[in-house]
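User: I am new to this structure and would like to go through it with you. Could you show it first?
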Amino acid sequence: KMKKVIRVKDLCCELCCERLSEALELKDGVLKANADKKKNAVFVETFSSVSDEFLRAAVEKEGFEVLSVERRRGIFG
């Protein structure tokens with residue numbers, strides 16, 4: 001499993017965050033997704049077979065601009 005952070009431009013409201021999180025969780029290989037409006041980011045947990053390009057495309061399909069996809073580091077893994 002891998003944890004990643006998808007930086008998104010302008011996550012405007014909680015509704016957008018919920019919609020984006022739910023859309024990502026429906027994708028194959030995505031175990032958890034949690035969009036954070038204050039950080040303009042989506043924290044995802046995926047199987048290692050899921051590529052950054054796949055995640056980027058999934059977010060863009062929902063109408064959001066992706067700034068970056070990074071591996072999540074720090075005390076929480």
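User: Leaving aside its neighbours within four places in sequence, which residues is lysine 4 in contact with?
Analyst: This is a predicted model, in which local features need pLDDT of at least 70 and side-chain atom pairs count only at pLDDT 80 or more, while totals for chains, interfaces and linings use all residues. Residues are numbered from 1 along each chain as its sequence is written, and side-chain values use heavy atoms, without hydrogens and water. With contact meaning heavy atoms within 4.5 Å, the partners of lysine 4 include Val42, Phe43, Val44, Val50, Ser51, Asp52 and Leu55. Val69, Glu70, Arg71 and Arg72 are also among them.
User: Is lysine 4 buried or exposed?
Analyst: Lysine 4 counts as buried because its relative accessibility is 5%; buried means under 20% relative accessible area, exposed over 50%, and partly exposed in between (1.4 Å probe, protein chains only).
User: What lies 3.5 Å from a polar atom of its side chain?
Analyst: That is the backbone oxygen of valine 50.
User: Now to helix H2. Which of its residues are buried?
Analyst: In H2, residues 52–61, the buried ones are Leu55, Ala58 and Val59. They lie on the same side of H2, because they cover an arc of only 95° around the axis, taken from the directions from the helix axis to the C-beta atoms. Helices (H or I, at least four residues) and strands (E, at least two) are DSSP runs, numbered from the N terminus.
User: And which exposed residues are on the face turned away?
Analyst: Glu53 and Lys61 are carried there.
User: What does leucine 24 touch?
Analyst: Beyond four places in sequence, leucine 24 touches Ile6, Val30, Ala33, Val42, Val44, Leu55, Ala58 and Val59.

Notes:
A polar contact is a pair of N or O atoms within 3.5 Å; within protein, one must be able to donate a hydrogen and the other to accept it, and residues adjacent in sequence count only if both atoms are side-chain atoms.
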